[in-house]
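Please look through the structure below.

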Amino acid sequence: MSVADPVANLQALIRCPSVTPAEGGALTGLETMLKPLGFTVERMVASEPGMPDIENLYARIGTDGPHLMFAGHTDVVPPGDEASWSHPPFAAEIADGELFGRGAVDMKGGIACFVAAVARHIEQHGAPKGSISFLITGDEEGPAVNGTTKLLKWAAEKGERWDACLVGEPTNPDVLGDMIKIGRRGSVSGKVVVHGVQGHAAYPHLADNAVRGALSLASSLMDPPFDTGTPEFPASNLEVTTLDVGNPATNVVPEKATFAFNIRFNDTWTADTVKAEILRRLDAAAATNPLRPGRDSTRYEMTWADRPSHVFLTRNDALIGSLTASVKDITGKEPKLSTTGGTSDARFIKDYCPVVEFGLVGQTMHMVDERVAVADLETLTRIYGDFITRWFADAVIR
């Protein structure tokens with residue numbers, strides 16, 4: 001197998017059933033691809049009480065700067081009902097110009113293309129004028145506790161420093177060249193428990209309906225809007241995601257109601273300030289909207305989910321400019337610079353170096369029959385290869 005071929009690379013990776021937290025042979029396969037190119041490869045296992053150990057990979061070629069990191073993950077989400085797939089999810093079969101398999105888009109495809117791009121660069125130009133590293137985790141689709149965040153810390157403690165990072169997540173909505181991600185919104189989740197008094201539905205004066213309080217408090221979080229957006233980010237948005245009472249009886253007033261929420265916030269806020277605003281709204285709603293007129297304020301408990309994701313925006317013109325120029329040169333499209341979508345491991349990397357994201361078209365990620373156009377694999381490899389050349393040339397000049 002030639003590692004300069006992204007299709008063969010991707011087929012080899014898909015055939016490793018690396019469903020989080022299993023390594024599944026994917027990191028071993030990647031190590032087999034990188035070592036013949038001259039990379040030094042290290043495998044690091046991260047642990048956390050109560051969670052499965054996760055195996056991660058760090059590989060580097062070169063010893064000097066400038067230093068470009070490529071980051072991604074080989075773990076994938078479960079395939080679901082395999083009988084629903086038109087091609088087995090771990091067979092990596094090609095049909096009608098598309099390669100089928102779990103992880104084809106998210107995100108073994110990006111890894112396969114960057115390996116191929118590096119291989120071609122070495123064949124054509126020799127070793128890079130600096131260093132290239134792969135920082136690959138097996139815990140992006142899981143809790144993200146024993147993955148990128150610990151791998152970065154481990155590498156940094158060994159003396160690793162990076163000048164820029166490209167994350168190969170699928171960023172394009174429709175066709176290659178649509179979008180580069182230059183930042184991500186923050187994310188905070190929480191749970192609110194409203195306490196009332198259980199009673200008979202026919203005697204409401206003897207009860208306090210917790211549902212009334214939950215609806216009032218939930219409404220206060222969804223309206224009014226938190227902001228109207230910023231030049232780089234859309235408006236922050238909070239959604240109530242569950243509302244549970246646990247009451248099977250239709251004639252019993254519930255004593256407790258629970259709702260959960262998630263907010264995706266822009267750079268108007270930090271995790272701490274958005275939490276403070278949420279608590280302010282809840283306190284105001286609880287004080288002004290008792291469960292029944294004339295009663296005491298609504299009683300509630302607030303619990304925050306662990307590990308909020310922090311908002312960030314990359315402003316590195318050299319990194320963004322090199323990637324934009326490569327995308328435009330290869331595809332003829334001017335990519336949109338975006339901060340939309342969910343979170344990614346770029347939220348950890350931004351604390352170590354400037355980071356952007358660009359990968360395949362994401363329309364089928366996490367779906368049955370996840371697949372990628374074979375032609376897109378070649379195009380993305382060409383984009384990555386052009387970007388490597390441009391970025392190093394610019395970095396050396398600076």
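How many aromatic pairs does the count come to? In this predicted model, the count comes to twelve aromatic pairs. One of them is formed by Phe114 and Tyr384, with 5.3 Å from centre to centre and 65° between the planes. Ring planes over 60 degrees apart count as edge-to-face, so this pair, at 65°, is edge-to-face. Phe114 belongs to helix H3 (residues 108-125) and Tyr384 to helix H9 (residues 374-397); the pair thus links distant parts of the chain, 270 residues apart. Both residues, Phe114 and Tyr384, are buried. Ring pairs also link Phe114 and Tyr384 with Phe39, Phe70 and Phe134 into a cluster.

Another ring has a charge over it: the charged end of Arg281 sits 4.0 Å from the centre of the ring of Phe226.

Pro224 lies in the loop between helix H5 (210-222) and strand S12 (237-244). With a relative accessible area of 48%, Pro224 is partly exposed. Between the C-alpha atoms of Pro224 and Arg315 there are 31 Å in space, and the two residues are 91 apart in sequence.

Now to the whole chain. The protein chain has nine helices and 19 strands, and its C-alpha atoms fill a box of roughly 80 × 50 × 40 Å along the principal axes. Of its 398 residues, 53% are buried. Among contacts between residues at least 6 apart in sequence, 79% join residues at least 24 apart. The accessible surface is about 16,700 Å², and 51% of this belongs to carbon and sulfur atoms. The chain carries 36 positive and 51 negative side chains, with the centres of the two sets 4 Å apart.

Key. Residues numbered from 1 in each chain as written. Predicted model: local features only at pLDDT ≥ 70, side-chain atom pairs only at ≥ 80, totals over all residues. Heavy atoms only, no water. Helix = DSSP H or I, 4+ residues; strand = E, 2+ residues; numbered from the N terminus. Buried < 20%, exposed > 50% of the residue type's maximum accessible area, 1.4 Å probe, protein only. Contact = heavy atoms within 4.5 Å. Areas by Shrake-Rupley, 256 points an atom, 1.4 Å probe, with all protein chains shown as cover. Lys, Arg positive; Asp, Glu negative; His and termini not counted. Charge placed at Lys NZ, Arg CZ, Asp CG, Glu CD. Phe/Tyr/Trp six-rings, centres within 6.5 Å; stacked < 30°, edge-to-face > 60°. Lys NZ or Arg CZ within 6 Å of the ring centre and 35° of its normal.
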